[in-house]
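I open these notes to keep a record of what I looked up, entry by entry, beginning with the core and ending with the backbone.

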Amino acid sequence: MKRLLAAAMVLCLLGFQLCGCGGGQKPGSEAKTPEEPKDPEVIKIGHAVALTGDASIWGQSESNALKMWVNKVNDQGGIDGKKIQLVTYDTRADSVEAVNVAKRMIEQDKVVAIIGAAQSGVTIAMTAVTEPAKIPLISTTATNPEVTVKDGVVRPHTFRVCFIDPFQGTVAAQFASTKLGAKTAAVLYDVGSDYSSWLAQYFIEAFEKMGGTVLGKEAFRTGELDYRAMLGKLKEGKPDVVFIPTAQKEAALAMKQARDLGYEGKFLGGDNWGSPDIIELGGSAVEGGYFVNLASLEDPDIQDFIAEYRAEYGSDPVLPNPVMAIDALIVLVEAIKKAGSTDGGAIAKAIEEIKDLEALTGKITYDPATHNPLNKPAIIQQIKDGQFIYVEKYVTS
Amino acid sequence: MLLQTAITGLAIGGIYALMAVGYSLVFSVLNFSNFAHGSVIMLGAYAGYFILTKAGASFPVALAGSMVAGAVLGITNERLAYRPLRVRNARPLYFMISAMGVAIFLENLVYATLGAHFYSYPEVLGRSIVRIGGASIGILDLFALAFSSVAITGLHLFLHRTKSGLAIRACSFDMTVASVFGVRIDRTVGLVFGLAGALAGLSGIFLGMKYMAYPTMGWITNKAYVAAVIGGLGSLPGAVIGGIVLGLLETFVSVYVSSIIRDVFSFSALVLVLLAMPNGLMGKYVEEKI
């Protein structure tokens, strides 16, 4: 019995170690001080963005891009003659900070709408302030379904310009079926992650709707190292594609082991694959794999924007946040024009009615029931010669 | 399907066996579970990685290098963390606590120096596959299985055919009596840790090549420890059998029951074996084991 006790003790101990490595919060620098113009000829739009902290590479670029675009809109006459004034505050990608920022924007700066934040958790926290104040909030890259819909009820003033995570499953399934000619598929997903489970679910539904057959579905828990048992089972039916909607580490290992087992079909994944790690970890096994992404520097539709950004700031924008923020601004400008008012409720209603609006990354149509953009184009990328290459912009049917 | 499952199970079990032997070897002599073994394996994986990539050495050199690194680390570990306890005649419980300390220290040392980054080995053996009637096995798995068998057989021969091996076996029977008969205890214990460390280095480089090298590789050695306990701690054939049984059990459960509840079966098997046979499948009966 003592041995058993010892084993249990050790497992507990190792368990603690695994959980004990959280990151500390860096204190952020104070954002620019709010100005005080009570100018009725100005429309103030808030921008809540992570300018410091881990997410700042994207945040800085997003802030630059949005400033550039606001100047462009103002040069073209603004919104019905009124200039847009951007009020930018740093959220440090922190929920508490973002709530304070939202309060300050609404109470002191009197913004008519807010763009941000990029993170789902942060955006959900902000809705606690923006919803009661009836201020429209358009998130850039918050992909969690709960951002706009809580307990089956849509948050009336909260929107997003990106697609929701599970939608990538639909994109991957339709792409596999129409472009790769896949008739059969297998799914390997991480049961410990909502992201992965939902992508798997949406993929299976969409793939079967396209007339394909899903031969098998296997799950593992986050951090798994050995997938050979599951892959051996999935490989039996020789599926045309294997969909692995997981983080890059798990996906790379699974692909390596699938190739070791002699699987010769194609691999598909979601935007979590879009980290160079996957190439380093997966080596030759990940070559040829396709994955769905939010944006790409090679997207032909955004080349003009990239050229302008380079001319202005001397570097490439860090995607996808900059283009998503611009999409949000385009949606907002259109809605304010159509509403003919800066009242929050009127703007929100106008956003719901937006249909086939030409934004930067493609056409946007809002679903009034979920406040998500419908059939938003997604980018398909492929891993080729150790690089991510742009394959195409895919619009689901 | 059955054959493929059996082959995969054997490949996974082979790695468990190699690691479990290291646990059992130390336990047979000092009667405590050396939980620092997992950390030595982890450092062996890093050693192999850096010899291959930074020093640009060939695979056999890296293999030998990580075994040497593991052995040196094992011996140093014994000198610094266990010998002072042994000199004071401490109870096995204190050895185990010291071992946990070493494990945590080494893991955090890696975090502090190399960071949490995942290191992936270059593809030294290529991606070729060997087919055995309908089933396939990666060349690396086959090589790891073969080399592990050679290493374990070599260890067995060393223990039974050489004078030093005899000394180790004498110590595992009774250290006091062995010292009375002229066995140099410090040297023999050092040798045991050197051997266990070399095996750890070997497991490390195979694990690193199969998966990757990262600071918390430790969890997989938990399974090896379970294998050692199932086989009977202190028994080398038991460790091998325990490892293979656990590898096969996990693979069959993953394929025919569910991959999500695989670990439930592994740990239930541990509990059942301990309830039915408290000393494991091949363990010897000894009082006061921790």
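**Core.** The model I am reading is a predicted one. With that in hand I asked which residues touch the most other members of the largest nonpolar core. I found A:Leu329, A:Val331 and A:Leu332 in that position, in a core of 216 residues. I then looked up where the largest share of this core comes from, and it is helix α1 of chain B, residues 2–30, which supplies 16 residues. On the side of chain A, domain 1 and domain 2 each give the core at least three residues. In soluble globular proteins, nonpolar side chains tend to be buried together.

**Confidence.** For the complex it gives an ipTM of 0.77 and a pTM of 0.76. Chain B has a mean pLDDT of 88, with 97% of its residues at 70 or more, while for chain A I read a mean of 87, with 90% of its residues reaching 70 or more. In chain A I marked residues 12–37, over which the pLDDT is below 50, although this stretch has 25 contacts in the model beyond near neighbours in sequence.

**Chain A as a whole.** I counted 12 helices and 16 strands in chain A, and of its 397 residues 53% count as buried. For contacts between residues at least 6 apart in sequence, I noted that 68% join residues at least 24 apart. The domain assignment divides the chain into domain 1, made of 42–163, 301–310 and 318–366, and domain 2, made of 167–293 and 379–394. The C-alpha centres of these two domains of chain A lie 32 Å apart.

**A:Ser177.** Is this residue buried or exposed? I found 21 other C-beta atoms within 10 Å of A:Ser177, and the cut-off for buried is 20 or more, so A:Ser177 is buried. I placed A:Ser177 in helix α5 of chain A, residues 167–178. Not counting residues up to four places away in sequence, A:Ser177 touches A:Ala182, A:Phe207, A:Met210 and A:Gly212. I also looked up A:Glu208, 31 residues from A:Ser177 along the chain, and read a C-alpha separation of 9.7 Å.

**Helix packing in chain B.** Two pairs that involve helix α8 (residues 185–210) went into this entry. Helix α6 of chain B, residues 163–173, packs against α8(B) at about 100°, with the axes 10 Å apart. Angles of 65 to 115 degrees count as roughly perpendicular, and therefore α6(B) is roughly perpendicular to α8(B). I listed B:Ser164, B:Ala167, B:Ile168 and B:Cys171 of α6(B) as making this contact with B:Ile185, B:Thr188, B:Leu191 and B:Val192 of α8(B).

For helix α5 of chain B, residues 139–161, I read an angle to α8(B) of about 175° and an axis separation of 11 Å. That makes α5(B) roughly antiparallel to α8(B). From α5(B) the contact uses B:Leu140, B:Ala144, B:Ala151 and B:Leu155, and from α8(B) the residues include B:Leu195, B:Leu199 and B:Phe206.

**Backbone of chain A.** I looked up cis peptide bonds and wrote down the one from A:Gly116 to A:Ala117, with omega near -10°; A:Ala117 sits in the loop between β3 (113–115) and α4 (120–130) of chain A. I also noted a cis peptide bond joining A:Leu319 and A:Pro320, with omega about 5°, where A:Pro320 is found in the loop between α10 (303–313) and α11 (321–339) of chain A.

Turning to phi, I recorded a positive value of about 55° for A:Lys110, which is not a glycine. A:Lys110 lies in the loop between α3 (95–107) and β3 of chain A, and it counts as partly exposed, with 14 C-beta neighbours inside 10 Å. For A:Asn375, likewise a residue other than glycine, phi is positive and near 45°. I placed A:Asn375 in the loop between β14 (363–364) and β15 (378–384) of chain A, and with 17 other C-beta atoms within 10 Å A:Asn375 is partly exposed.

Terms used:
Residues are numbered from 1 along each chain as its sequence is written. Chains are lettered from A and ligands numbered from 1 in the order in which they are written. This is a predicted model: local features need pLDDT of at least 70, side-chain atom pairs count only at pLDDT 80 or more; totals for chains, interfaces and linings use all residues. Helices (H or I, at least four residues) and strands (E, at least two) are DSSP runs, numbered from the N terminus. A residue is buried if 20 or more other C-beta atoms lie within 10 Å of its own, exposed if 12 or fewer, and partly exposed in between; C-beta atoms are placed from the backbone. Two residues are in contact if their C-beta atoms, placed from the backbone, lie within 7 Å. pLDDT is the predictor's confidence in each residue, from 0 to 100. Domain bounds come from an automatic or database domain assignment. A nonpolar core is a set of buried Ala, Val, Leu, Ile, Met, Phe, Trp, Tyr and Cys residues joined through C-beta atoms within 7 Å. Axes are lines fitted to C-alpha atoms, for helices over the stretch in contact, and angles run from 0 to 180 degrees between N-to-C directions. Angles under 35 degrees count as roughly parallel, over 145 as roughly antiparallel, 65 to 115 as roughly perpendicular and the rest as oblique.
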